[in-house]
Amino acid sequence: TILRAYRAKDDGDEVVRLKIYRRNGPLALSKLIPTIENLGLDVVQESGHQVTPQNADPMWIHDFHTVQSKELAVALEEVKETFEDTILAVLNGDAEDDGFNALVLTAGVSWREAWLLRAAAKHHQQAGFSYSPAYMEEALGKHPAIARELVSAFHARFNPAGPQKIEQRQKDVADADGRVLEALNDVESLDEDRIIRRFLNLFSAITRTNYYQRASKKAFKP
(Lines give C-alpha, C1' and ligand atoms only; values in the text may rest on other atoms or scores of the structure.)
Protein backbone atom coordinates (compact mmCIF):
# COMPACT_ATOMS: atom_id res chain seq x y z
CA THR A 1 0.00 0.00 0.00
CA ILE A 2 1.28 3.45 -0.99
CA LEU A 3 -0.22 6.78 0.10
CA ARG A 4 0.13 10.26 -1.32
CA ALA A 5 -1.36 13.37 0.31
CA TYR A 6 -1.72 16.36 -1.96
CA ARG A 7 -3.69 19.49 -2.73
CA ALA A 8 -5.17 20.63 -6.04
CA LYS A 9 -4.35 24.04 -7.47
CA ASP A 10 -7.47 25.85 -6.27
CA ASP A 11 -7.92 24.03 -2.95
CA GLY A 12 -8.18 25.99 0.28
CA ASP A 13 -5.89 25.50 3.26
CA GLU A 14 -8.47 23.29 4.95
CA VAL A 15 -8.54 20.78 2.06
CA VAL A 16 -6.51 17.57 2.11
CA ARG A 17 -6.63 15.13 -0.78
CA LEU A 18 -5.40 11.59 -0.44
CA LYS A 19 -4.62 8.86 -2.94
CA ILE A 20 -4.14 5.28 -1.80
CA TYR A 21 -2.58 2.79 -4.21
CA ARG A 22 -3.14 -0.86 -3.40
CA ARG A 23 -2.74 -4.20 -5.10
CA ASN A 24 -5.17 -7.09 -4.56
CA GLY A 25 -8.31 -5.01 -4.72
CA PRO A 26 -9.76 -2.04 -2.82
CA LEU A 27 -9.81 -1.45 0.90
CA ALA A 28 -13.18 -1.58 2.66
CA LEU A 29 -14.51 1.98 2.92
CA SER A 30 -16.32 1.07 6.15
CA LYS A 31 -12.88 0.62 7.76
CA LEU A 32 -10.97 3.28 5.85
CA ILE A 33 -13.30 6.26 6.30
CA PRO A 34 -13.34 6.11 10.15
CA THR A 35 -9.53 6.13 10.11
CA ILE A 36 -9.57 9.29 7.97
CA GLU A 37 -12.22 10.87 10.19
CA ASN A 38 -10.10 10.14 13.28
CA LEU A 39 -7.43 12.31 11.66
CA GLY A 40 -9.89 15.20 11.96
CA LEU A 41 -11.03 15.11 8.34
CA ASP A 42 -14.50 15.00 6.81
CA VAL A 43 -14.72 12.91 3.65
CA VAL A 44 -16.41 14.97 0.94
CA GLN A 45 -15.94 12.54 -1.93
CA GLU A 46 -14.23 9.26 -2.78
CA SER A 47 -13.63 7.80 -6.20
CA GLY A 48 -11.95 4.52 -6.95
CA HIS A 49 -10.74 2.82 -10.06
CA GLN A 50 -8.46 0.02 -11.18
CA VAL A 51 -5.44 0.43 -13.41
CA THR A 52 -3.34 -2.32 -14.95
CA PRO A 53 0.26 -1.31 -15.71
CA GLN A 54 1.98 -3.12 -18.53
CA ASN A 55 3.56 -6.39 -17.35
CA ALA A 56 2.31 -5.80 -13.78
CA ASP A 57 -0.56 -6.80 -11.56
CA PRO A 58 -3.67 -4.60 -11.43
CA MET A 59 -3.68 -1.80 -8.87
CA TRP A 60 -6.66 -0.17 -7.18
CA ILE A 61 -6.57 3.59 -6.55
CA HIS A 62 -8.69 5.29 -3.87
CA ASP A 63 -8.90 9.06 -4.36
CA PHE A 64 -10.30 11.00 -1.38
CA HIS A 65 -11.33 14.65 -1.19
CA THR A 66 -11.45 15.68 2.48
CA VAL A 67 -11.63 18.88 4.53
CA GLN A 68 -10.48 19.55 8.07
CA SER A 69 -13.61 18.99 10.17
CA LYS A 70 -13.28 22.30 12.06
CA GLU A 71 -12.17 24.11 8.89
CA LEU A 72 -8.76 24.72 10.42
CA ALA A 73 -5.88 25.46 8.08
CA VAL A 74 -3.60 22.48 7.48
CA ALA A 75 0.06 23.19 6.64
CA LEU A 76 0.12 20.22 4.30
CA GLU A 77 3.67 20.69 3.02
CA GLU A 78 4.92 20.55 6.61
CA VAL A 79 2.87 17.57 7.80
CA LYS A 80 2.49 15.60 4.56
CA GLU A 81 5.01 12.88 5.42
CA THR A 82 3.85 12.38 9.00
CA PHE A 83 0.22 12.31 7.81
CA GLU A 84 1.00 9.57 5.30
CA ASP A 85 3.03 7.65 7.89
CA THR A 86 0.16 7.83 10.36
CA ILE A 87 -2.38 6.26 8.01
CA LEU A 88 0.08 3.50 7.10
CA ALA A 89 0.80 2.89 10.79
CA VAL A 90 -2.92 2.50 11.50
CA LEU A 91 -3.49 0.25 8.48
CA ASN A 92 -0.51 -1.89 9.49
CA GLY A 93 -1.72 -2.16 13.09
CA ASP A 94 1.21 -0.18 14.55
CA ALA A 95 -0.90 2.74 15.80
CA GLU A 96 -4.24 2.93 17.52
CA ASP A 97 -7.12 4.44 15.59
CA ASP A 98 -8.75 7.28 17.51
CA GLY A 99 -9.06 11.06 17.63
CA PHE A 100 -5.60 11.63 19.10
CA ASN A 101 -4.35 11.08 15.54
CA ALA A 102 -6.05 14.34 14.50
CA LEU A 103 -3.15 16.14 16.20
CA VAL A 104 -0.88 14.94 13.41
CA LEU A 105 -2.48 17.48 11.06
CA THR A 106 -3.38 20.27 13.47
CA ALA A 107 -0.42 20.15 15.89
CA GLY A 108 2.21 18.81 13.52
CA VAL A 109 3.14 15.90 15.79
CA SER A 110 4.09 12.43 14.57
CA TRP A 111 1.87 9.39 15.12
CA ARG A 112 4.26 8.23 17.85
CA GLU A 113 3.94 11.58 19.61
CA ALA A 114 0.15 11.30 19.33
CA TRP A 115 0.57 7.82 20.83
CA LEU A 116 2.54 9.38 23.70
CA LEU A 117 -0.34 11.74 24.53
CA ARG A 118 -2.83 8.86 24.23
CA ALA A 119 -0.75 6.74 26.63
CA ALA A 120 -0.64 9.64 29.09
CA ALA A 121 -4.43 9.99 28.90
CA LYS A 122 -4.85 6.29 29.63
CA HIS A 123 -2.50 6.64 32.59
CA HIS A 124 -4.67 9.47 33.91
CA GLN A 125 -7.75 7.25 33.56
CA GLN A 126 -6.13 4.40 35.48
CA ALA A 127 -5.00 6.84 38.16
CA GLY A 128 -8.61 7.88 38.74
CA PHE A 129 -8.60 11.25 36.95
CA SER A 130 -12.19 12.42 36.69
CA TYR A 131 -12.11 13.11 32.92
CA SER A 132 -12.46 10.38 30.31
CA PRO A 133 -9.79 9.78 27.64
CA ALA A 134 -12.31 10.98 25.05
CA TYR A 135 -12.74 14.27 26.91
CA MET A 136 -8.97 14.66 27.27
CA GLU A 137 -8.63 13.93 23.55
CA GLU A 138 -11.19 16.66 22.83
CA ALA A 139 -9.42 19.16 25.10
CA LEU A 140 -6.08 18.68 23.33
CA GLY A 141 -7.84 18.80 19.96
CA LYS A 142 -9.18 22.25 20.79
CA HIS A 143 -5.67 23.47 21.62
CA PRO A 144 -3.30 21.83 19.12
CA ALA A 145 -0.55 24.39 19.69
CA ILE A 146 -0.51 23.52 23.39
CA ALA A 147 -0.52 19.80 22.56
CA ARG A 148 2.61 20.41 20.49
CA GLU A 149 4.22 22.28 23.40
CA LEU A 150 3.38 19.39 25.74
CA VAL A 151 5.25 17.04 23.42
CA SER A 152 8.14 19.51 23.34
CA ALA A 153 8.20 19.52 27.15
CA PHE A 154 8.48 15.72 27.12
CA HIS A 155 11.35 15.81 24.62
CA ALA A 156 13.13 18.53 26.59
CA ARG A 157 13.24 16.21 29.60
CA PHE A 158 14.04 12.88 28.01
CA ASN A 159 15.41 13.11 24.48
CA PRO A 160 18.85 11.48 24.64
CA ALA A 161 19.95 13.70 21.74
CA GLY A 162 19.41 16.77 23.93
CA PRO A 163 21.99 18.63 26.03
CA GLN A 164 24.26 16.43 28.13
CA LYS A 165 25.03 19.13 30.68
CA ILE A 166 22.43 19.13 33.44
CA GLU A 167 22.32 22.92 33.68
CA GLN A 168 21.33 23.34 30.03
CA ARG A 169 18.86 20.45 30.25
CA GLN A 170 17.19 22.04 33.28
CA LYS A 171 16.96 25.38 31.47
CA ASP A 172 15.40 23.75 28.39
CA VAL A 173 12.86 21.94 30.58
CA ALA A 174 11.94 25.13 32.42
CA ASP A 175 11.55 27.01 29.14
CA ALA A 176 9.37 24.24 27.66
CA ASP A 177 7.17 24.06 30.76
CA GLY A 178 6.92 27.83 30.78
CA ARG A 179 5.58 27.90 27.22
CA VAL A 180 2.80 25.47 28.19
CA LEU A 181 1.89 27.46 31.30
CA GLU A 182 1.93 30.74 29.39
CA ALA A 183 -0.35 29.28 26.71
CA LEU A 184 -2.86 28.32 29.42
CA ASN A 185 -3.63 32.02 29.85
CA ASP A 186 -5.68 31.75 26.65
CA VAL A 187 -7.59 28.63 27.72
CA GLU A 188 -11.03 29.72 28.90
CA SER A 189 -12.34 26.36 30.11
CA LEU A 190 -11.31 25.41 33.65
CA ASP A 191 -11.71 21.71 32.77
CA GLU A 192 -9.36 22.01 29.81
CA ASP A 193 -6.87 23.95 31.94
CA ARG A 194 -6.88 21.14 34.51
CA ILE A 195 -6.43 18.49 31.84
CA ILE A 196 -3.46 20.21 30.24
CA ARG A 197 -1.83 20.80 33.61
CA ARG A 198 -2.27 17.11 34.44
CA PHE A 199 -0.33 16.14 31.31
CA LEU A 200 2.48 18.52 32.26
CA ASN A 201 2.48 17.21 35.84
CA LEU A 202 2.74 13.63 34.60
CA PHE A 203 5.71 14.43 32.36
CA SER A 204 7.47 16.12 35.26
CA ALA A 205 6.88 13.06 37.47
CA ILE A 206 8.25 10.51 35.01
CA THR A 207 11.80 9.39 35.80
CA ARG A 208 12.52 7.15 32.79
CA THR A 209 10.96 6.13 29.49
CA ASN A 210 11.50 3.61 26.70
CA TYR A 211 10.01 6.00 24.14
CA TYR A 212 13.36 6.52 22.40
CA GLN A 213 14.56 2.92 22.41
CA ARG A 214 15.14 1.31 19.06
CA ALA A 215 14.99 -2.31 17.97
CA SER A 216 16.90 -3.78 15.05
CA LYS A 217 17.51 -1.77 11.89
CA LYS A 218 17.13 1.46 13.88
CA ALA A 219 13.34 1.10 13.97
CA PHE A 220 11.63 2.21 17.17
CA LYS A 221 10.38 -0.51 19.46
CA PRO A 222 6.63 -1.12 19.22
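In this predicted model, the buried residues of helix H2 are covered by elements that include strands S1 (2-6), S2 (15-23) and S3 (41-51), together with helices H1 (29-38), H3 (103-106) and H4 (111-126). The buried residues themselves are Leu76, Val79, Phe83, Glu84, Thr86, Ile87, Ala89 and Val90. Helix H2 comprises 16 residues, 76-91, and should span 22 Å at 1.5 Å a residue; the end C-alpha atoms lie 21 Å apart, which agrees with that expectation. A kink of about 25 degrees is centred on Thr82. Just after H2, Gly93 adopts a positive phi of about 80 degrees.

Eleven salt bridges are present in the structure. Among them is the pair Asp11 and Arg17, whose closest N and O atoms are 2.7 Å apart. Asp11 has a relative accessible area of 18% and is therefore buried, the cut-off being under 20%.

A salt bridge also joins Glu192 and Lys142, at 3.2 Å from N to O. This pair links distant parts of the chain, with Glu192 in helix H8 (residues 190-205) and Lys142 in helix H5 (residues 133-142), 50 residues apart. Glu192 is buried, at 7% relative accessible area, whereas Lys142 is partly exposed, at 44%.

Arg179 and Glu149 form a further salt bridge (3.1 Å, N to O). Because Arg179 lies in helix H7 (residues 166-183) and Glu149 in helix H6 (residues 144-158), the pair ties together parts 30 residues apart in sequence. Arg179 is partly exposed, with a relative accessible area of 39%, and Glu149 also counts as partly exposed, at 21%. Through shared partners, salt bridges join Glu138, Lys142 and Glu192 into one network.

Conventions:
Residues are numbered from 1 along each chain as its sequence is written. This is a predicted model: local features need pLDDT of at least 70, side-chain atom pairs count only at pLDDT 80 or more; totals for chains, interfaces and linings use all residues. Side-chain values use heavy atoms; hydrogens and water are left out. Helices (H or I, at least four residues) and strands (E, at least two) are DSSP runs, numbered from the N terminus. The expected span of a helix is 1.5 Å times one less than its number of residues. The bend at a residue is the angle between axes fitted to the seven residues ending there and the seven starting there. Buried means under 20% relative accessible area, exposed over 50%, partly exposed in between (1.4 Å probe, protein chains only). Contact means heavy atoms within 4.5 Å. A salt bridge is a side-chain nitrogen of Lys or Arg within 4 Å of a carboxyl oxygen of Asp or Glu.
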